[in-house]
Number of protein chains: 2
Amino acid sequence: MGYRIRMAGDASPSTDPVQLAQDRFIALWGRMGSSWGIPRTMAQVHALLYIVGEPMNTDDIMARLRISRGSASMTLKNLQDWGIVSRAVVPGERKDLFTTSSDIWKLFRTVLRERKKREIDPLIDALRNCRELTDSHQKPRRLFAASRTRDSHAEEHNKRLDAMIDFLTMIDALAQQLIQPSGKGLALAAKFFSRAS
Amino acid sequence: MGYRIRMAGDASPSTDPVQLAQDRFIALWGRMGSSWGIPRTMAQVHALLYIVGEPMNTDDIMARLRISRGSASMTLKNLQDWGIVSRAVVPGERKDLFTTSSDIWKLFRTVLRERKKREIDPLIDALRNCRELTDSHQKPRRLFAASRTRDSHAEEHNKRLDAMIDFLTMIDALAQQLIQPSGKGLALAAKFFSRAS
DNA sequence: GCGTATTTTCAAAATGTTTTGAAAATTCTT
DNA sequence: AAGAATTTTCAAAACATTTTGAAAATACGC
(Lines give C-alpha, C1' and ligand atoms only; values in the text may rest on other atoms or scores of the structure.)
Protein backbone atom coordinates (compact mmCIF):
# COMPACT_ATOMS: atom_id res chain seq x y z
CA MET A 1 0.00 0.00 0.00
CA GLY A 2 1.12 3.56 0.57
CA TYR A 3 0.69 4.81 -2.98
CA ARG A 4 -1.49 4.36 -5.93
CA ILE A 5 -0.69 2.31 -8.94
CA ARG A 6 -2.22 3.37 -12.22
CA MET A 7 -5.38 1.34 -12.47
CA ALA A 8 -7.25 -0.48 -15.17
CA GLY A 9 -9.30 2.02 -17.14
CA ASP A 10 -6.98 4.82 -16.18
CA ALA A 11 -5.72 5.28 -19.68
CA SER A 12 -4.51 8.86 -19.50
CA PRO A 13 -0.74 9.13 -19.63
CA SER A 14 0.48 9.98 -16.19
CA THR A 15 2.23 13.18 -15.37
CA ASP A 16 3.83 11.75 -12.26
CA PRO A 17 7.58 11.64 -12.87
CA VAL A 18 7.91 8.32 -11.07
CA GLN A 19 5.26 6.85 -13.31
CA LEU A 20 7.00 8.20 -16.36
CA ALA A 21 10.34 6.92 -15.21
CA GLN A 22 8.82 3.50 -14.55
CA ASP A 23 7.37 3.37 -18.03
CA ARG A 24 10.67 4.33 -19.53
CA PHE A 25 12.51 1.75 -17.51
CA ILE A 26 10.04 -0.90 -18.58
CA ALA A 27 10.44 0.00 -22.22
CA LEU A 28 14.22 -0.05 -22.01
CA TRP A 29 14.36 -3.33 -20.19
CA GLY A 30 11.97 -4.86 -22.68
CA ARG A 31 14.12 -3.79 -25.58
CA MET A 32 17.28 -5.05 -23.97
CA GLY A 33 15.59 -8.36 -23.27
CA SER A 34 14.68 -8.90 -26.86
CA SER A 35 18.16 -8.18 -28.06
CA TRP A 36 19.36 -10.99 -25.78
CA GLY A 37 16.78 -13.51 -26.82
CA ILE A 38 14.20 -12.91 -24.11
CA PRO A 39 10.65 -12.12 -25.25
CA ARG A 40 9.95 -8.44 -24.88
CA THR A 41 6.80 -8.91 -22.83
CA MET A 42 8.57 -11.25 -20.47
CA ALA A 43 11.28 -8.70 -19.84
CA GLN A 44 8.68 -5.98 -19.44
CA VAL A 45 6.67 -7.86 -16.87
CA HIS A 46 9.82 -8.50 -14.95
CA ALA A 47 10.83 -4.86 -15.23
CA LEU A 48 7.45 -3.76 -13.96
CA LEU A 49 7.60 -5.98 -10.92
CA TYR A 50 11.15 -4.92 -10.23
CA ILE A 51 10.64 -1.20 -10.53
CA VAL A 52 7.31 -1.04 -8.76
CA GLY A 53 8.82 -2.99 -5.94
CA GLU A 54 5.70 -4.54 -4.56
CA PRO A 55 3.54 -7.52 -5.45
CA MET A 56 1.06 -7.03 -8.28
CA ASN A 57 -1.84 -9.10 -9.46
CA THR A 58 -2.56 -10.17 -13.00
CA ASP A 59 -5.15 -7.49 -13.66
CA ASP A 60 -2.87 -4.69 -12.61
CA ILE A 61 -0.07 -6.05 -14.75
CA MET A 62 -2.41 -6.38 -17.72
CA ALA A 63 -3.66 -2.84 -17.28
CA ARG A 64 -0.28 -1.30 -16.79
CA LEU A 65 1.39 -2.99 -19.76
CA ARG A 66 -1.75 -3.18 -21.88
CA ILE A 67 -1.44 -6.86 -22.55
CA SER A 68 -4.07 -9.57 -22.70
CA ARG A 69 -4.93 -11.94 -19.92
CA GLY A 70 -3.53 -14.87 -21.83
CA SER A 71 -0.26 -13.16 -22.42
CA ALA A 72 0.05 -12.12 -18.81
CA SER A 73 -0.72 -15.62 -17.63
CA MET A 74 1.80 -17.33 -19.89
CA THR A 75 4.47 -14.76 -19.28
CA LEU A 76 4.09 -15.04 -15.53
CA LYS A 77 4.25 -18.81 -15.81
CA ASN A 78 7.47 -18.59 -17.79
CA LEU A 79 8.99 -16.10 -15.39
CA GLN A 80 8.18 -18.48 -12.59
CA ASP A 81 9.70 -21.40 -14.48
CA TRP A 82 12.82 -19.34 -14.87
CA GLY A 83 12.78 -18.76 -11.14
CA ILE A 84 12.84 -14.98 -11.24
CA VAL A 85 9.24 -14.32 -10.30
CA SER A 86 7.31 -15.89 -7.48
CA ARG A 87 3.88 -15.70 -5.98
CA ALA A 88 3.65 -13.52 -2.96
CA VAL A 89 1.44 -14.68 -0.16
CA VAL A 90 -0.62 -11.79 1.16
CA PRO A 91 -3.40 -12.70 3.57
CA GLY A 92 -6.80 -11.46 2.54
CA GLU A 93 -5.95 -11.24 -1.14
CA ARG A 94 -8.17 -13.13 -3.51
CA LYS A 95 -6.05 -12.76 -6.61
CA ASP A 96 -2.56 -14.15 -7.01
CA LEU A 97 0.17 -11.64 -6.39
CA PHE A 98 3.54 -11.77 -8.08
CA THR A 99 6.91 -10.39 -7.08
CA THR A 100 10.48 -10.47 -8.18
CA SER A 101 13.55 -10.21 -6.04
CA SER A 102 14.92 -6.74 -5.51
CA ASP A 103 18.41 -8.24 -5.38
CA ILE A 104 19.77 -7.91 -8.88
CA TRP A 105 22.71 -10.18 -8.26
CA LYS A 106 20.33 -12.89 -7.25
CA LEU A 107 18.30 -12.33 -10.40
CA PHE A 108 21.43 -12.41 -12.47
CA ARG A 109 22.59 -15.66 -10.95
CA THR A 110 19.18 -17.19 -11.47
CA VAL A 111 19.11 -16.26 -15.12
CA LEU A 112 22.65 -17.49 -15.60
CA ARG A 113 21.87 -20.78 -13.91
CA GLU A 114 18.84 -21.32 -16.11
CA ARG A 115 20.58 -20.47 -19.33
CA LYS A 116 23.52 -22.65 -18.47
CA LYS A 117 21.23 -25.55 -17.73
CA ARG A 118 19.03 -25.11 -20.78
CA GLU A 119 21.48 -23.93 -23.39
CA ILE A 120 25.14 -24.24 -22.56
CA ASP A 121 25.19 -27.68 -21.01
CA PRO A 122 23.14 -29.36 -23.75
CA LEU A 123 25.25 -27.63 -26.38
CA ILE A 124 28.46 -28.95 -24.89
CA ASP A 125 27.00 -32.43 -24.72
CA ALA A 126 25.90 -32.28 -28.32
CA LEU A 127 29.30 -31.03 -29.41
CA ARG A 128 31.01 -33.88 -27.59
CA ASN A 129 28.78 -36.29 -29.46
CA CYS A 130 29.62 -34.52 -32.64
CA ARG A 131 33.28 -34.83 -31.84
CA GLU A 132 32.98 -38.59 -31.61
CA LEU A 133 31.98 -38.77 -35.26
CA THR A 134 35.54 -38.02 -36.25
CA ASP A 135 37.36 -39.73 -33.44
CA SER A 136 39.07 -42.44 -35.45
CA HIS A 137 39.01 -45.51 -33.23
CA GLN A 138 41.00 -47.65 -35.65
CA LYS A 139 44.74 -47.08 -35.78
CA PRO A 140 45.67 -44.94 -38.73
CA ARG A 141 47.24 -47.22 -41.33
CA ARG A 142 48.04 -44.67 -43.97
CA LEU A 143 48.24 -47.01 -46.96
CA PHE A 144 47.39 -44.45 -49.60
CA ALA A 145 48.23 -40.85 -50.16
CA ALA A 146 44.51 -40.11 -50.39
CA SER A 147 43.79 -41.48 -46.96
CA ARG A 148 46.75 -39.64 -45.53
CA THR A 149 45.29 -36.40 -46.84
CA ARG A 150 41.93 -37.36 -45.50
CA ASP A 151 43.41 -38.05 -42.07
CA SER A 152 45.11 -34.71 -41.83
CA HIS A 153 41.92 -33.12 -42.98
CA ALA A 154 40.11 -34.81 -40.14
CA GLU A 155 42.85 -33.83 -37.73
CA GLU A 156 42.49 -30.18 -38.60
CA HIS A 157 38.78 -30.46 -38.19
CA ASN A 158 39.20 -32.07 -34.81
CA LYS A 159 41.54 -29.37 -33.69
CA ARG A 160 38.98 -26.69 -34.43
CA LEU A 161 36.15 -28.61 -32.86
CA ASP A 162 38.21 -29.30 -29.75
CA ALA A 163 39.12 -25.66 -29.47
CA MET A 164 35.45 -24.78 -29.50
CA ILE A 165 34.55 -27.42 -26.97
CA ASP A 166 37.36 -26.29 -24.70
CA PHE A 167 36.23 -22.71 -24.97
CA LEU A 168 32.68 -23.54 -24.06
CA THR A 169 33.80 -25.76 -21.22
CA MET A 170 35.74 -22.82 -19.90
CA ILE A 171 32.76 -20.49 -20.18
CA ASP A 172 30.69 -23.11 -18.48
CA ALA A 173 33.10 -23.30 -15.57
CA LEU A 174 33.11 -19.56 -15.25
CA ALA A 175 29.32 -19.49 -15.25
CA GLN A 176 29.34 -22.16 -12.59
CA GLN A 177 31.50 -19.97 -10.40
CA LEU A 178 29.27 -16.98 -10.86
CA ILE A 179 26.23 -19.05 -10.05
CA GLN A 180 27.53 -20.09 -6.65
CA PRO A 181 25.66 -18.08 -4.07
CA SER A 182 28.68 -18.35 -1.80
CA GLY A 183 31.09 -15.72 -3.06
CA LYS A 184 30.30 -12.14 -3.88
CA GLY A 185 30.42 -13.21 -7.50
CA LEU A 186 31.08 -10.49 -9.96
CA ALA A 187 31.86 -7.90 -7.35
CA LEU A 188 35.00 -9.87 -6.58
CA ALA A 189 35.63 -10.49 -10.21
CA ALA A 190 35.51 -6.81 -10.86
CA LYS A 191 38.07 -6.08 -8.23
CA PHE A 192 40.30 -8.74 -9.70
CA PHE A 193 39.97 -7.43 -13.18
CA SER A 194 40.49 -3.82 -12.35
CA ARG A 195 43.70 -4.73 -10.54
CA ALA A 196 44.83 -6.89 -13.45
CA SER A 197 44.50 -4.20 -16.09
CA MET B 1 42.94 -26.47 -51.74
CA GLY B 2 43.87 -29.90 -50.46
CA TYR B 3 40.41 -31.31 -50.17
CA ARG B 4 37.06 -30.97 -51.73
CA ILE B 5 34.19 -28.99 -50.38
CA ARG B 6 30.72 -30.15 -51.24
CA MET B 7 29.84 -28.19 -54.34
CA ALA B 8 26.79 -26.49 -55.73
CA GLY B 9 24.53 -29.07 -57.28
CA ASP B 10 26.00 -31.82 -55.15
CA ALA B 11 22.83 -32.34 -53.21
CA SER B 12 23.42 -35.88 -52.00
CA PRO B 13 24.01 -36.08 -48.28
CA SER B 14 27.64 -36.83 -47.69
CA THR B 15 28.84 -39.99 -46.08
CA ASP B 16 32.17 -38.46 -45.09
CA PRO B 17 32.27 -38.27 -41.30
CA VAL B 18 34.01 -34.90 -41.36
CA GLN B 19 31.29 -33.53 -43.58
CA LEU B 20 28.64 -34.93 -41.29
CA ALA B 21 30.35 -33.52 -38.24
CA GLN B 22 30.62 -30.13 -39.92
CA ASP B 23 26.93 -30.13 -40.70
CA ARG B 24 26.10 -31.02 -37.16
CA PHE B 25 28.35 -28.36 -35.79
CA ILE B 26 26.77 -25.79 -38.08
CA ALA B 27 23.28 -26.78 -37.01
CA LEU B 28 24.19 -26.63 -33.32
CA TRP B 29 25.92 -23.30 -33.60
CA GLY B 30 22.99 -21.89 -35.52
CA ARG B 31 20.57 -22.98 -32.85
CA MET B 32 22.71 -21.58 -30.05
CA GLY B 33 22.97 -18.31 -31.94
CA SER B 34 19.27 -17.88 -32.16
CA SER B 35 18.78 -18.54 -28.49
CA TRP B 36 21.16 -15.65 -27.80
CA GLY B 37 19.59 -13.22 -30.20
CA ILE B 38 21.78 -13.83 -33.24
CA PRO B 39 20.02 -14.73 -36.49
CA ARG B 40 20.36 -18.41 -37.18
CA THR B 41 21.77 -17.97 -40.65
CA MET B 42 24.35 -15.53 -39.40
CA ALA B 43 25.53 -18.00 -36.80
CA GLN B 44 25.53 -20.78 -39.37
CA VAL B 45 27.64 -18.88 -41.85
CA HIS B 46 30.09 -18.12 -39.13
CA ALA B 47 30.09 -21.73 -38.00
CA LEU B 48 30.75 -22.91 -41.54
CA LEU B 49 33.71 -20.61 -42.01
CA TYR B 50 35.06 -21.54 -38.63
CA ILE B 51 34.77 -25.28 -38.98
CA VAL B 52 35.91 -25.50 -42.58
CA GLY B 53 38.90 -23.45 -41.64
CA GLU B 54 39.62 -21.92 -44.99
CA PRO B 55 38.27 -19.04 -47.04
CA MET B 56 35.06 -19.67 -48.92
CA ASN B 57 33.29 -17.70 -51.60
CA THR B 58 29.66 -16.73 -51.68
CA ASP B 59 28.61 -19.49 -54.04
CA ASP B 60 30.15 -22.21 -51.94
CA ILE B 61 28.51 -20.82 -48.82
CA MET B 62 25.16 -20.62 -50.58
CA ALA B 63 25.44 -24.17 -51.81
CA ARG B 64 26.61 -25.61 -48.55
CA LEU B 65 23.95 -23.95 -46.41
CA ARG B 66 21.28 -23.91 -49.11
CA ILE B 67 20.58 -20.23 -48.74
CA SER B 68 19.87 -17.59 -51.37
CA ARG B 69 22.38 -15.19 -52.78
CA GLY B 70 20.67 -12.26 -51.11
CA SER B 71 20.73 -13.90 -47.75
CA ALA B 72 24.37 -14.84 -48.10
CA SER B 73 25.29 -11.34 -49.14
CA MET B 74 23.49 -9.62 -46.28
CA THR B 75 24.65 -12.10 -43.72
CA LEU B 76 28.26 -11.75 -44.79
CA LYS B 77 27.91 -8.00 -44.67
CA ASN B 78 26.56 -8.16 -41.14
CA LEU B 79 29.26 -10.54 -40.03
CA GLN B 80 31.81 -8.12 -41.40
CA ASP B 81 30.14 -5.21 -39.62
CA TRP B 82 30.39 -7.21 -36.43
CA GLY B 83 34.05 -7.69 -37.16
CA ILE B 84 34.07 -11.48 -36.99
CA VAL B 85 34.36 -12.22 -40.69
CA SER B 86 36.75 -10.62 -43.13
CA ARG B 87 37.57 -10.87 -46.78
CA ALA B 88 40.56 -12.98 -47.52
CA VAL B 89 42.88 -11.79 -50.23
CA VAL B 90 43.88 -14.69 -52.42
CA PRO B 91 45.71 -13.76 -55.63
CA GLY B 92 44.10 -15.10 -58.75
CA GLU B 93 40.65 -15.41 -57.23
CA ARG B 94 37.84 -13.64 -58.99
CA LYS B 95 35.21 -14.06 -56.33
CA ASP B 96 35.43 -12.60 -52.86
CA LEU B 97 36.61 -15.02 -50.26
CA PHE B 98 35.55 -14.86 -46.63
CA THR B 99 37.21 -16.11 -43.49
CA THR B 100 36.78 -15.98 -39.78
CA SER B 101 39.47 -16.11 -37.15
CA SER B 102 40.35 -19.53 -35.83
CA ASP B 103 41.07 -17.93 -32.46
CA ILE B 104 37.90 -18.32 -30.46
CA TRP B 105 38.99 -15.94 -27.74
CA LYS B 106 39.46 -13.28 -30.31
CA LEU B 107 36.01 -13.97 -31.71
CA PHE B 108 34.55 -13.85 -28.26
CA ARG B 109 36.17 -10.54 -27.47
CA THR B 110 34.99 -9.11 -30.75
CA VAL B 111 31.41 -10.12 -30.12
CA LEU B 112 31.58 -8.81 -26.59
CA ARG B 113 33.01 -5.51 -27.73
CA GLU B 114 30.28 -5.08 -30.32
CA ARG B 115 27.45 -5.98 -27.99
CA LYS B 116 28.79 -3.69 -25.31
CA LYS B 117 29.02 -0.85 -27.76
CA ARG B 118 25.63 -1.43 -29.36
CA GLU B 119 23.55 -2.59 -26.45
CA ILE B 120 25.02 -2.16 -23.01
CA ASP B 121 26.47 1.34 -23.33
CA PRO B 122 23.35 2.88 -24.87
CA LEU B 123 21.21 1.15 -22.28
CA ILE B 124 23.22 2.59 -19.42
CA ASP B 125 23.02 6.03 -20.98
CA ALA B 126 19.29 5.77 -21.39
CA LEU B 127 18.88 4.60 -17.81
CA ARG B 128 20.90 7.52 -16.54
CA ASN B 129 18.59 9.84 -18.44
CA CYS B 130 15.67 8.00 -17.00
CA ARG B 131 17.12 8.44 -13.56
CA GLU B 132 17.19 12.19 -13.96
CA LEU B 133 13.43 12.27 -14.29
CA THR B 134 13.11 11.60 -10.59
CA ASP B 135 16.15 13.45 -9.36
CA SER B 136 14.42 16.18 -7.41
CA HIS B 137 16.48 19.29 -7.95
CA GLN B 138 14.41 21.43 -5.66
CA LYS B 139 14.96 21.06 -1.94
CA PRO B 140 12.31 18.87 -0.40
CA ARG B 141 9.98 21.14 1.56
CA ARG B 142 7.58 18.55 2.86
CA LEU B 143 4.64 20.80 3.55
CA PHE B 144 1.97 18.17 3.24
CA ALA B 145 1.66 14.59 4.27
CA ALA B 146 0.79 13.70 0.70
CA SER B 147 4.02 15.09 -0.67
CA ARG B 148 6.01 13.37 2.03
CA THR B 149 4.50 10.07 0.94
CA ARG B 150 5.21 10.95 -2.61
CA ASP B 151 8.85 11.72 -1.83
CA SER B 152 9.48 8.46 -0.11
CA HIS B 153 7.80 6.73 -2.98
CA ALA B 154 10.23 8.43 -5.32
CA GLU B 155 13.13 7.59 -3.04
CA GLU B 156 12.29 3.92 -3.14
CA HIS B 157 12.02 4.10 -6.87
CA ASN B 158 15.38 5.80 -7.13
CA LYS B 159 16.98 3.19 -4.97
CA ARG B 160 15.85 0.42 -7.28
CA LEU B 161 16.82 2.29 -10.38
CA ASP B 162 20.23 3.11 -8.96
CA ALA B 163 20.78 -0.51 -8.03
CA MET B 164 20.10 -1.48 -11.63
CA ILE B 165 22.36 1.19 -13.04
CA ASP B 166 25.12 0.19 -10.65
CA PHE B 167 24.74 -3.42 -11.63
CA LEU B 168 24.96 -2.67 -15.32
CA THR B 169 27.90 -0.36 -14.79
CA MET B 170 29.63 -3.21 -13.05
CA ILE B 171 28.87 -5.63 -15.89
CA ASP B 172 30.09 -3.03 -18.30
CA ALA B 173 33.38 -2.70 -16.47
CA LEU B 174 33.80 -6.43 -16.44
CA ALA B 175 33.11 -6.60 -20.16
CA GLN B 176 35.65 -3.86 -20.69
CA GLN B 177 38.25 -5.93 -18.92
CA LEU B 178 37.48 -9.00 -20.95
CA ILE B 179 37.65 -7.01 -24.15
CA GLN B 180 41.19 -5.81 -23.53
CA PRO B 181 43.42 -7.77 -25.85
CA SER B 182 46.20 -7.37 -23.31
CA GLY B 183 45.56 -10.00 -20.66
CA LYS B 184 44.65 -13.59 -21.23
CA GLY B 185 41.10 -12.61 -20.45
CA LEU B 186 38.87 -15.37 -19.29
CA ALA B 187 41.67 -17.86 -18.93
CA LEU B 188 42.94 -15.79 -16.04
CA ALA B 189 39.47 -15.27 -14.75
CA ALA B 190 38.95 -18.97 -14.68
CA LYS B 191 42.03 -19.54 -12.62
CA PHE B 192 40.91 -16.87 -10.24
CA PHE B 193 37.47 -18.28 -9.87
CA SER B 194 38.52 -21.85 -9.44
CA ARG B 195 40.85 -20.78 -6.65
CA ALA B 196 38.16 -18.63 -5.07
CA SER B 197 35.57 -21.35 -4.72
C1' DG C 1 -22.30 -29.39 -4.42
C1' DC C 2 -23.41 -24.87 -6.56
C1' DG C 3 -22.35 -20.54 -8.14
C1' DT C 4 -18.79 -17.20 -8.58
C1' DA C 5 -14.10 -15.59 -9.05
C1' DT C 6 -9.80 -16.51 -10.91
C1' DT C 7 -6.44 -18.78 -13.72
C1' DT C 8 -4.94 -21.53 -17.60
C1' DT C 9 -5.02 -23.18 -22.18
C1' DC C 10 -4.75 -23.03 -27.08
C1' DA C 11 -6.29 -22.20 -31.93
C1' DA C 12 -6.37 -18.37 -34.64
C1' DA C 13 -4.73 -13.69 -35.58
C1' DA C 14 -1.32 -10.30 -35.33
C1' DT C 15 3.13 -9.07 -35.39
C1' DG C 16 8.01 -9.26 -36.20
C1' DT C 17 11.91 -11.28 -38.53
C1' DT C 18 14.36 -13.56 -42.06
C1' DT C 19 14.80 -15.10 -46.71
C1' DT C 20 14.20 -14.96 -51.44
C1' DG C 21 15.00 -13.67 -56.20
C1' DA C 22 15.47 -10.72 -59.63
C1' DA C 23 16.82 -6.06 -60.87
C1' DA C 24 20.28 -2.59 -60.14
C1' DA C 25 24.80 -1.45 -59.11
C1' DT C 26 29.44 -2.29 -59.09
C1' DT C 27 33.79 -4.22 -60.43
C1' DC C 28 36.80 -6.34 -63.52
C1' DT C 29 38.76 -7.61 -68.19
C1' DT C 30 39.93 -6.70 -72.48
C1' DA D 1 34.02 1.91 -72.98
C1' DA D 2 31.45 -2.41 -73.80
C1' DG D 3 30.52 -6.66 -72.05
C1' DA D 4 30.87 -10.15 -68.59
C1' DA D 5 31.23 -11.45 -63.88
C1' DT D 6 30.16 -10.53 -59.34
C1' DT D 7 27.96 -8.27 -55.52
C1' DT D 8 24.36 -5.57 -53.39
C1' DT D 9 19.79 -4.03 -52.66
C1' DC D 10 15.05 -4.32 -51.45
C1' DA D 11 10.02 -5.31 -52.04
C1' DA D 12 7.47 -9.20 -51.54
C1' DA D 13 6.98 -13.86 -49.66
C1' DA D 14 7.92 -17.21 -46.28
C1' DC D 15 8.61 -18.22 -41.81
C1' DA D 16 8.75 -17.86 -36.79
C1' DT D 17 7.23 -15.91 -32.67
C1' DT D 18 4.13 -13.62 -29.78
C1' DT D 19 -0.41 -12.15 -28.51
C1' DT D 20 -5.17 -12.42 -28.20
C1' DG D 21 -9.61 -13.78 -26.46
C1' DA D 22 -12.84 -16.80 -25.34
C1' DA D 23 -13.67 -21.42 -23.66
C1' DA D 24 -12.22 -24.79 -20.31
C1' DA D 25 -10.37 -25.74 -16.04
C1' DT D 26 -9.55 -24.85 -11.42
C1' DA D 27 -10.06 -22.82 -6.81
C1' DC D 28 -12.90 -20.69 -3.37
C1' DG D 29 -16.76 -19.48 -0.26
C1' DC D 30 -21.04 -20.64 1.28
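In this predicted model, helices α2(B) and α3(B) pack at an angle of about 110°, with their axes 11 Å apart. Residues are numbered from 1 along each chain as written, while chains are lettered from A and ligands numbered from 1 in the order they are written. Since this is a prediction, local features need pLDDT of at least 70 and side-chain atom pairs count only at pLDDT 80 or more, whereas totals for chains, interfaces and linings use all residues.

**Some ground rules**
- Helices (H or I, at least four residues) and strands (E, at least two) are DSSP runs, numbered from the N terminus.
- Axes are lines fitted to C-alpha atoms, for helices over the stretch in contact, and angles run from 0 to 180 degrees between N-to-C directions.

**Helix packing in chain B**
- With that angle, α2(B) and α3(B) are roughly perpendicular to each other (65 to 115 degrees; under 35 is roughly parallel, over 145 roughly antiparallel, and the rest oblique).
- α2(B) goes past α3(B) in a right-handed crossing, a label used when the near helix is turned clockwise from the far one by less than a right angle, with anticlockwise giving left-handed.
- On the α2(B) side, Q44(B), V45(B) and L48(B) meet I61(B), R64(B) and L65(B) of α3(B); contact here asks for C-beta atoms, placed from the backbone, within 7 Å.
- Sorted by class, the contact of α2(B) with α3(B) has four nonpolar residues, one polar and one charged (Ala, Val, Leu, Ile, Met, Phe, Trp, Tyr, Cys and Pro are nonpolar, Asp, Glu, Lys and Arg charged, and the others, Gly among them, polar).
- Next along, α3(B) (residues 58–65) and α4(B) (residues 69–81) pack at about 115°, their axes 10 Å apart.
- That angle makes α3(B) roughly perpendicular to α4(B), and α3(B) passes α4(B) in a right-handed crossing.
- Here T58(B), I61(B) and M62(B) of α3(B) meet R69(B), A72(B) and S73(B) of α4(B).
- By class, the contact of α3(B) with α4(B) comes out at three nonpolar, two polar and one charged residues.

**Helix packing in chain A**
- The axes of α2(A) and α4(A) come within 10 Å and cross at roughly 75°, which makes α2(A) roughly perpendicular to α4(A).
- T41(A), M42(A), V45(A) and H46(A) from α2(A) make this contact with S71(A), T75(A), L76(A), N78(A) and L79(A) from α4(A).
- The class count for α2(A) with α4(A) is four nonpolar, five polar and no charged residues.

**Around the DNA**
- DNA strand D has 19 residues around it, the closest being S68(A), G70(A), S71(A), G70(B) and D96(B); near means a C-beta atom, placed from the backbone, within 6 Å.
- α4(B) gives the most to the surface near DNA strand D, with five residues.
- That surface near DNA strand D splits into four nonpolar, eight polar and seven charged residues.
- For DNA strand C there are 18 residues, with G70(A), D96(A), S68(B), G70(B) and S71(B) nearest.
- α4(A) supplies the largest share of the surface near DNA strand C, five residues.
- The classes near DNA strand C are four nonpolar, seven polar and seven charged.

**Confidence in chain A**
- Chain A has a mean pLDDT of 86, and 81% of its residues reach 70 or more; pLDDT is the predictor's confidence in each residue, from 0 to 100.
- Among the elements of chain A, α7 (residues 186–196) has the lowest mean pLDDT (57) and α2(A) the highest (98).
- Over residues 1–10 of chain A, pLDDT stays under 50, and the model has 12 contacts beyond four places in sequence for them.

Notes. Contact = placed C-beta atoms within 7 Å.
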